[in-house]
Amino acid sequence: MMNCNFKETIKDINSDYIRFTNLKTLQVNLGNTCNQRCRHCHVYAEPGGSNIMSVNVMEKIILFLEKHPGIILDVTGGCPELNPGFRLFIEYAERVCTEIMVRTNLTVFYENGMERLPEWYREKRITLIASLPCYTEKNVNKQRGNGVFEKSIKALKKLNSLGYGKDLPLDIMYNPAGEFLPAPQKKLEKDFKKNLFKKYGIIFNKLLTLTNAPLGRFKNYLILNGKMEQYIRLLASNFNSRIVPHIMCRSLINIDWQGILYNCDFNQAAGLPIRDKIGKIMEVENMDDFIYNKNEIITAEHCYSCTAGEGSSCIGALI
Ligand code: SF4
Ligand code: SF4
């Protein structure tokens with residue numbers, strides 16, 4: 001019978017692989033407000049999302065970053081740009097971080113007050129990771145809402161006109177439209193590049209594939225359709241041991257809008273915060289304790305989405 005216990009699976013390979021190593025990337029989730037309400041969203045983001053990171057929590061993160069220069073900052077949401085403190089946070093962080101990545105849904109460029117956002121990104125030389133699950137209008141609108149494709153194309157063209165995709169990094173994040181694994185990243189990248197260029201003249205740097213984790217709205221969909229078990233089995237049966245040393249949680253910490261620490265965005269969505277030795281939830285103030293103690297990573301069934309096939313992470317496939 002198939003072993004669906006992720007922790008045991010990893011420990012059978014090497015128990016060190018389930019421990020945190022060094023902090024390379026700090027991923028900060030600024031809240032769950034979003035101008036979209038996508039079907040697959042694993043953080044339940046939507047226009048009415050009210051979990052918004054305060055300036056107080058941002059200040060604590062900046063203090064940490066100042067003490068630990070050279071970290072990559074990965075800013076996400078919801079739609080991070082809709083947090084009122086977003087730009088100030090980036091402006092403080094850019095003094096001490098080696099790279100700042102922002103995960104943008106592109107359509108936010110057309111919200112009120114965001115008119116000069118693309119130019120601001122260019123001035124700051126921010127790495128942009130844009131979500132676009134397909135190069136066809138039909139599939140994008142089905143997953144992300146009517147009109148999303150058209151706005152996304154317009155936004156990508158705007159970014160290209162500012163040098164993104166050429167002098168500045170512009171990656172596209174892809175996730176499958178349902179309960180299947182992404183096709184090989186290199187092949188998909190070729191398809192996306194060909195189609196987006198041929199039809200719209202759009203260029204970008206890398207396509208990053210992300211396997212859907214069975215969490216949030218996607219989990220609800222699986223349960224409602226009686227497909228949860230089948231999907232977990234698909235992930236587990238495609239387990240790739242070569243991926244294990246590279247899982248992102250070995251070098252990343254995720255912080256939620258309240259300043260609570262997680263091993264990754266998925267654990268945040270699953271409600272599995274990092275805890276100290278006595279079981280107390282760790283927060284941004286405790287980050288030093290966590291990074292120096294090489295703690296064990298908290299795992300669950302959804303972790304199989306990171307190790308299936310070519311692997312999956314917030315920066316795409318892992319091999
Ligand atoms: S998937 Fe991204 S763009 Fe869609 S609702 Fe969630 S946070 Fe917003
Ligand atoms: S889901 Fe998170 S904790 Fe689990 S393997 Fe992936 S990155 Fe690590």
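This dialogue goes through several features of a predicted model.

User: Which conventions apply to the model?

Analyst: This is a predicted model in which local features need pLDDT of at least 70 and side-chain atom pairs count only at pLDDT 80 or more, while totals for chains, interfaces and linings use all residues. Residues are numbered from 1 along each chain as its sequence is written, chains are lettered from A and ligands numbered from 1 in the order in which they are written, and side-chain values use heavy atoms, with hydrogens and water left out.

User: Which residues surround ligand 1, and where does ligand 1 sit?

Analyst: A residue is near a molecule if one of its heavy atoms lies within 4 Å of it. Around ligand 1 these are Cys34, Gln36, Arg37, Cys38, His40, Cys41, Ala45, Gly78, Asn105 and Arg144. Four of the shell residues are nonpolar, four polar and two charged; here Ala, Val, Leu, Ile, Met, Phe, Trp, Tyr, Cys and Pro count as nonpolar, Asp, Glu, Lys and Arg as charged, and the others, Gly among them, as polar. Ligand 1 sits in the largest cavity. A cavity is a set of points, on a 1 Å grid over the protein atoms alone, where a 1.4 Å probe fits but cannot get out, and a molecule sits in it if more than half of its atoms lie within 2 Å of its grid points.

User: Which residues form the shell of ligand 2, and how do they divide?

Analyst: The shell of ligand 2 consists of Met248, Cys249, Cys264, Phe266, Asn267, Ile297, Ile298, His302, Cys303 and Cys306. It divides into eight nonpolar, two polar and no charged residues. Ligand 2 takes up the second largest cavity.

User: What phi values do Arg125 and Lys294 have?

Analyst: Arg125, although not a glycine, has a positive phi of about 55°, and phi of Lys294 is near 50°. Arg125 lies in the loop between helix H4 (117–124) and S4, and Lys294 in the loop between helix H11 (287–293) and helix H12 (304–307). Arg125 counts as exposed because its relative accessibility is 54%, whereas Lys294, at 37%, counts as partly exposed. The cut-offs for relative accessible area are under 20% for buried, over 50% for exposed and in between for partly exposed (1.4 Å probe, protein chains only).

User: Which residues are buried in helix H5, and what covers them?

Analyst: Val140, Asn141, Gln143 and Arg144 are buried in helix H5 (residues 137–144). Their cover includes strand S4 (127–131) and helix H6 (148–161). Just after H5, Gly145 has a positive phi of about 115°.

User: Which residues touch the most other members of the largest nonpolar core?

Analyst: In soluble globular proteins, nonpolar side chains tend to be buried together. A nonpolar core is a set of buried Ala, Val, Leu, Ile, Met, Phe, Trp, Tyr and Cys residues joined through side-chain atoms within 4.5 Å. The largest has 68 residues, of which Leu26, Ile61, Leu65, Leu73 and Tyr121 touch the most other members. Apart from this core lies another, of 18 residues, including Leu215, Cys249, Cys306 and Leu318.

Note on methods: 1 Å grid on protein atoms, 1.4 Å probe; cavity = no way out; pocket = protein on both sides within 12 Å on 5 of 7 lines; lining within 4 Å. Helix = DSSP H or I, 4+ residues; strand = E, 2+ residues; numbered from the N terminus. Contact = heavy atoms within 4.5 Å.
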